[in-house]
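Please consult the sequence and structure shown here while reading.

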Amino acid sequence: MNIHLLQILILSLLFNCNETLPTKYGADNKNFQYNGRYDLIENGAALISPGASVSINFSGNVCEIYLKAEKAPYNYVAFELDGKYLGRKKIESEATEPYILEVSSEEKTHTLKIIKESEASNGFVLFSGIKVEKVMGYTQQPKYYIEYIGDSITCGAVSDGSVTPCDEGDYFDHENVYYSYGANIARALQADFMLSSVSGIGMYRNWNDENIEEPIMPQVYENLYLDTNHSKKYNFERKPNIVSICLGTNDLSNGDGIKSRLAFNKEKYTANYINFVKTVFNHYPNTQIVLLNSPMVGGENNILLLSCLKEVQSYFAENNNKSILLFEFDKTYTNGCLWHPSVENHRQIAEKLTPFFKSILHTK
């Protein structure tokens, strides 16, 4: 063999031996950081609640993410790479598929966050792993942690008509968890967050149901999947600094105007609220609970709602020596689809709430 050709062959072999090929890392990798309601099951990690996420530090310029939907087609995820929001992706397949991200070769290390953009009722998104050059320890542990309990508003539901216009597609095509008020506040305060929120749900009745066919928040909150499956309980191990509760919009609603609807029962709403707060304190005895009136409710209904929330406040001040805080929105935010807050409204809501939450965190 020609000496020159032999030298080229040796150099080629050396290069290939030194090159690091992408490796598949399973969902149980200890370097992955999960947040929100999730379940490590046999084939991966089930991302359950809206905003449930996995964060990963990795090296290299190859990134393949393996996902599937428990139920198609109304499951979405958002990708955030190196702090940049890459948008929402519909997970349409009930078979595991790779989702490939373009990764800059200029940076040696990268931070990826995969966020569930759909609700527990849509079924989980199964994350089974990632193929990259190398996974590294995820060390970004925020000091603060906030849990948001609520309904469609807290979910960021029907807030985004930018990709699928409001008069096209279906309800869940317009959900944007990444830009929901809770997620916006968490980013502003450099905090982790969890959304325990379900569209249409209420404290004693739901949007179009008198708690006859559908469960209410007190009946699903302690269950991992935010449903009536009591065999899978949420562990409540991580203790939030703040628990924000925004429930009442659906209790006060008139439903669809077709199904029979009773008058709002102030006593039942308030009693359920008090018992629910007791449940929260049972799991988080030292958390600061903040009650929010509704960003969608104005006029006489808002006055009624505030009177109920103030009764809840007074009960805990008088009977439990607990200081429950109340935040009052001074206007309604209904510029999104189906008269919900829009993405811009969520930004405005977050601007109102962030200083309030910041003051709480800085006194702890």
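The sections below treat model confidence, the disulfide and the other cysteines.

## Model confidence

The structure is a predicted model. The protein has an average pLDDT of 92, and 94% of the residues reach a score of at least 70.

## The disulfide

The structure contains 1 disulfide. Cys-166 and Cys-337 form this bond, with 1.9 Å between their sulfur atoms. The pair joins distant parts of the chain, 171 residues apart. Cys-166 belongs to the loop between α2 (152-155) and α3 (181-188), while Cys-337 lies in the loop between β17 (325-327) and α8 (343-362).

The disulfide is left-handed because the torsion about the S-S bond of Cys-166 and Cys-337 is about -70 degrees.

The two partners also have computed accessibilities. Cys-166 has a relative accessibility of 42% and therefore counts as partly exposed. Cys-337 has a relative accessible area of 3%, so this residue is buried, the cut-off being under 20%.

## Other cysteines

Cys-63 counts as buried because its relative accessibility is 1%. Cys-308 takes part in no disulfide; the nearest cysteine sulfur belongs to Cys-246 and is 14 Å away. With a relative accessible area of 0%, Cys-308 is buried.

Definitions and conventions
Residues numbered from 1 in each chain as written. Predicted model: local features only at pLDDT ≥ 70, side-chain atom pairs only at ≥ 80, totals over all residues. Heavy atoms only, no water. Disulfide = S-S within 2.5 Å. Helix = DSSP H or I, 4+ residues; strand = E, 2+ residues; numbered from the N terminus. Buried < 20%, exposed > 50% of the residue type's maximum accessible area, 1.4 Å probe, protein only. pLDDT = per-residue confidence, 0-100.
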